[in-house]
Each structure stands twice: as structure tokens, then as C-alpha cells.
Amino acid sequence: ITPIGKPIDTIPKSADGYTCHLCPQKFLRSRKFFLKHLERHEAGNPRIICEICSKNIAKSYLADHLRMHGENRAYKCKECPDTFKTKGSLNQHKLTHNVVRKFKCEKCEQTFKHNSSYNRHLKTHTGEKNFRCEFCDMMFGRMQHLQRHIDNIHSGLKPFCCTTCGKSFAQKSLLKEHEEIHDDLVHDCSLCNKSFGVKRYLKKHLATAHQVSIKNGKLDE
């Protein structure tokens, strides 16, 4: 029996390990540390209800839990660009950097922690596409890409709105591209006298008029 009165067999465990039902804390591997964590809840740590989501939270973790409802991601990983809302989430993420990446792609030398990720990556080299759009028959290599295609093209939703003129877009990248129109920046062609308000138009001009492209900010003839 655990310190909170539940049989050990009933403790929820997923592919990510053990998740505490009293606070946001997670444990990837150790059942021992998880049980010690539960003991701290039992030792005079009262629970209260979150007014935002009605979740039953240990009082000592309430402040950490409330940050999950906010947008501030103050905890930054030193190993990668990822940021997190709580210190617990950051600590949990740090463990992923210690996992051995034993699956290595022979074509590009990229490494992976899991065989499933490795096999999914191989499809980017073979061009294999097994996911078909039911609306237009376009094929995709990953289900996520198919779903994004459906959301952006066929759903009719345009959730990204320009704060300057109110025009809406299906993709965030299209909104960012549109916002260049409202900037005072001018993109000049270094090979002729033409200028463009949007960088994409300059790239298209270079490709069609001068048969060159831009790579890493420099002309690539």
C-alpha cells in the first residue's frame, strides 16, 4: 500500500513513467523516488482545489501549478532552446538529454533515441508517403503533416490575425510574411534597380530574372 492508501498496482504508469495525481511532478523511471514523493504529500501537505481547472492540488505545489495556466516560460534548458513554465517540467526534460541516441542515420548521421523515430526519419530520405488526404488526394510522409494540411487548407479556419489590418491567415508563417507589408523595410535587388516590400518577392525575382538564389543571406549563383 502506498502512503496515500492506494495499492501499488493502481499507481498510473505510462510510457513517460509515473505521474503524481496530486501535483504536476513526473518520474521517468524510479518507482522508489515516486513513492517517496507521495510520502511528502501525506506528511501534512493539505490539498486544495484549483479555481481555474478544479484539479485537486497539493497546497505546496499550487503556485507551480498556476504557472501551467499562464504563458510565462521562465525556465530555460541549458542544453537546447526549449523553455518551460515550471521548474519541475524543466527537470523532467533534462533527463531526456541523458538518454543514449543509439540509432544513427547512415545518410545524414542524425541520431535518434527510439527505433520508431529513426524509421520515421528514414522516410524523409526515401520520399515514402503513406498518408493520403481524403479531400484532395495529396500524399504525406507523416500523419502530423497530413493533419496540418487538412487544418490549413480544407478546414477553412484562419486563426492567425494581423493586428495592423485585421486580415486572417491559416498559417502563422503566412501571417509573418504578410506583416512585412506593414514594415518600412525595403528589400533591394543588388543586381538591378528593383526593390520589393516582401523578401519572398525579392527571392522570386532573383530566381526568375537573374537565375540566382539566396543561401545564408548571400547570393548563390
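Visitor: What does the accessible surface of the protein come to, and what share belongs to carbon and sulfur atoms?
Guide: This is a predicted model, where local features need pLDDT of at least 70, side-chain atom pairs count only at pLDDT 80 or more, and totals for chains, interfaces and linings use all residues. Residues are numbered from 1 along each chain as its sequence is written, and side-chain values use heavy atoms, with hydrogens and water left out. Accessible areas come from the Shrake-Rupley method with a 1.4 Å probe, and for residues only the protein chains shown count as cover. The accessible surface of the protein is about 16,000 Å², and the share of carbon and sulfur atoms is 50%.

Visitor: What percentage of the 221 residues is buried?
Guide: Buried means under 20% relative accessible area, exposed means over 50%, and partly exposed lies in between (1.4 Å probe, protein chains only). Of the 221 residues in the protein, the buried ones make up 24%.

Visitor: How many disulfides does the structure hold?
Guide: A disulfide is a pair of cysteine sulfur atoms within 2.5 Å. The number of disulfides in the structure is 0.

Visitor: Which cysteine has the sulfur nearest to that of Cys80, and how far away is it?
Guide: Cys80 is buried, at 17% relative accessible area. Cys80 is in no disulfide. The nearest cysteine sulfur belongs to Cys77, at 3.8 Å.

Visitor: Which cysteine sulfur is closest to that of Cys161, and at what distance?
Guide: Cys161 is partly exposed, with 38% relative accessibility. The closest cysteine sulfur is too far away for a bond: it is in Cys162, at 6.8 Å.
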